[in-house]
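My notes follow the display.

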Amino acid sequence: MNSARACDDLVLAVVQFCRLLRLRGVRLHSDAAQTALAALREIDVTERNDFRTTLRIALVQRPEDLAPFAYFFNLFWGTGRPAGEANRAADSSVNGLSDAERLGEATPEAEAGAEEALSSDAHSRITPGREAAHLPDDSPIRKMKAAMVGGGRREGEVPGLAASEAAELERLARELAPILATRRSRRWMRTPRGSSIDLRKALRSSLRYGGTPIELPRRARRMTRTRLVIFCDVSRSMDEDAAFFLRFAAAVLRRLWKVEVFLFATDIVRVTPLWLRESWSTLLLRVPDCGGGTRIGACLARFLEEHERSLVGGDTIVMIFSDGLDAGDPMVLDLALERLGRRSRAICWLNPLSHLEGYEPTAQGMAVALRHLDVFAPAHDLASLSELVRDLRVLRAA
Amino acid sequence: MKSAQIPRFDDQKAAVPGPVERIEDIESLLAESGYVGDREIATALFLAVRLYRPILVEGYAGVGKTEIAKTLAASLGTTLYRLQCYEGLDVSSSLYEWNYAKQMLRIRMDEESGHTAAEKEATIFSEPYLLTRPLLQALMHTSESPVLLVDEVDRADEEFEAFLLEMLSEYQVSIPELGVVRAKHRPYVVLTSNRVRELGDALKRRCLYLWIGYPSLEKEIQIIQTRIPGIHASLAKQIASFAEALRKMELDKRPGIAETLDWGMALIELHRAHLAEDAVRATLGCIVKSQGDMERVRKALPQLLAGLPPAAS
């Protein structure tokens, strides 16, 4: 009777542990608890190390979760040892901790960091005025931006385009849409005009003629549809550039099948369903901008949390339109872009500052982001847009 | 100094594999096969064997993911079937394909024979005309449970993942012309991934998960000494320390264990007992694999050599 009781207690404990992990952001699959229990049946649960290893093998799915798992395991099941020693034991037991930055060592500092990262309060902490703080005071870029923006958010107007410019914009959009829309997959499909012969079908149909392959069905590589996800920075400094770019994006969007548009400043909002229906000013009002600087990394991380699985796949092209002046932690941006890059086909970063003379992508956000990007271009006027179209054509051919 | 004898897996005969009852059994089997692992890896393999679940091994390139599958097969005394994945891998390259040329020849030869069409069809769609690929070979293996290694599954696309998932849940496939092929003994499946692409959740849910990082200094020394038996202990220590220092640098491709072992063998072939600057420069291509990386390492060479433990005489 006692052992049955103990069994039930263990089952309950494991289920509760899984719930704790899920609550704290560790990704578990839906039948994780069952897998864990099936595995625990095979080992001696009184051996602490084996117990922990078994739970880890059954529950954890990604290396990023190894450190949080170690931390919460100690928290939940107790350390069985004095505190400092237990942390070091957790360190050494997590396989592969020699790559400390990637996996996040379970040191006390990192534990505090993990705690912070997992709590949802992290997003709302805003330090005012840090956006421009990254640039030295007399940098020419800062002066140019000051001249361009002229202070204060402009309400309501989309900068008007002359008729010829609007026509040019439409033309570029028409050119760009088919480039982005499809890509050549490596799988085969039957088509009458294909480049190579489909032997299987040829053999099958030759049976009709007694074994002589009279018909030669052909096959070619399949075309699949890509999805486009656009992130547009609509913070104060980006105002008019964003407006211009979004007009272009609207023209492209009308011609593509699967496009998602997100606007962000200090937080990120999905505007795809409202995109073509609402006016610019209404859309802007939906994006929370509490002042104090764009937090690109945090916004992208938030997007990944909510939409990663549904929206980003092997066929997705990601376009980020932002000047890269990030007031948040550059490590967050680095991790978010890495995750995004692993999931998607290509990341394009359009930076309206990059056409300014003497601009070097040394601002913290931009410098960190550069190594994840496939295309880095300005997109502030029509000439740069046509260059962008050219770049993307090259990208698609690759 | 004679050149090293590297134990090869096909030469090894594992001890008679008894039933796997405890983790220690797997540990001793691994040790006999010359695989330097630790309790974590042994536990993962133990659970995979006992629960008959596939195991997903993730890690950087060159840390020994493929070796695990080979070791498992050698330890359990079964056959290893290996499927190397790439983008566009589909059923005909992974499961089976008919030998069209042979079939067409047979049809031509049978033209005058007077068989009915049904008989001809039965002849050409039979096992001698079937080219089996690794997945089907693993299913058709009848003597005992084989080990199926699906290598670098993240390089295949999502459609292949869906197909693999279907196969892993039922361990049977249906070939339209032949019928349903059911595995007599469920294979032990090992999937490896380099984390280039994120795998689908359904596939991950099916598998147990094992992450293999770069080894610690002591472990790497142990691996070098096990796999290169003739090597000096101090040279092994120096090689491992150098590799560890390289991994801390910003390189395009960090060296894995495979590179370290190559380097050790190269140094032995050159009859070196310790790391000196000329030896390192000559053999740098074993451990560093790109032009940019070579420049960086050459520039940092004096500091790296200074940080090594001293060579024993």
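I take axes as lines fitted to C-alpha atoms, for helices over the stretch in contact, with angles from 0 to 180 degrees between N-to-C directions. Helices (H or I, at least four residues) and strands (E, at least two) are DSSP runs numbered from the N terminus. I note that this is a predicted model, in which local features need pLDDT of at least 70, side-chain atom pairs count only at pLDDT 80 or more, and totals for chains, interfaces and linings use all residues. Residues are numbered from 1 along each chain as its sequence is written, chains are lettered from A and ligands numbered from 1 in the order written, and side-chain values use heavy atoms, without hydrogens and water.

Entry: the helix pair in chain B. I looked up H11(B), residues 233–248, and H12(B), residues 257–269; their axes come within 11 Å and cross at roughly 140°. The contact (heavy atoms within 4.5 Å) involves Leu235(B), Ile239(B), Phe242(B), Ala243(B) and Arg247(B) from H11(B), and Ile257(B), Thr260(B), Trp263(B), Gly264(B) and Leu267(B) from H12(B).

Entry: chain B overall. I found 14 helices and nine strands. Of the 313 residues in chain B, 52% are buried (under 20% relative accessible area, 1.4 Å probe, protein chains only). Among contacts between residues at least 6 apart in sequence, 75% join residues at least 24 apart.

Entry: chain A. I checked helix H2, residues 32–40, and found seven of its nine residues buried. Those of H2(A) are Ala32(A), Ala33(A), Thr35(A), Ala36(A), Leu37(A), Ala39(A) and Leu40(A).

Technical notes: Buried < 20%, exposed > 50% of the residue type's maximum accessible area, 1.4 Å probe, protein only.
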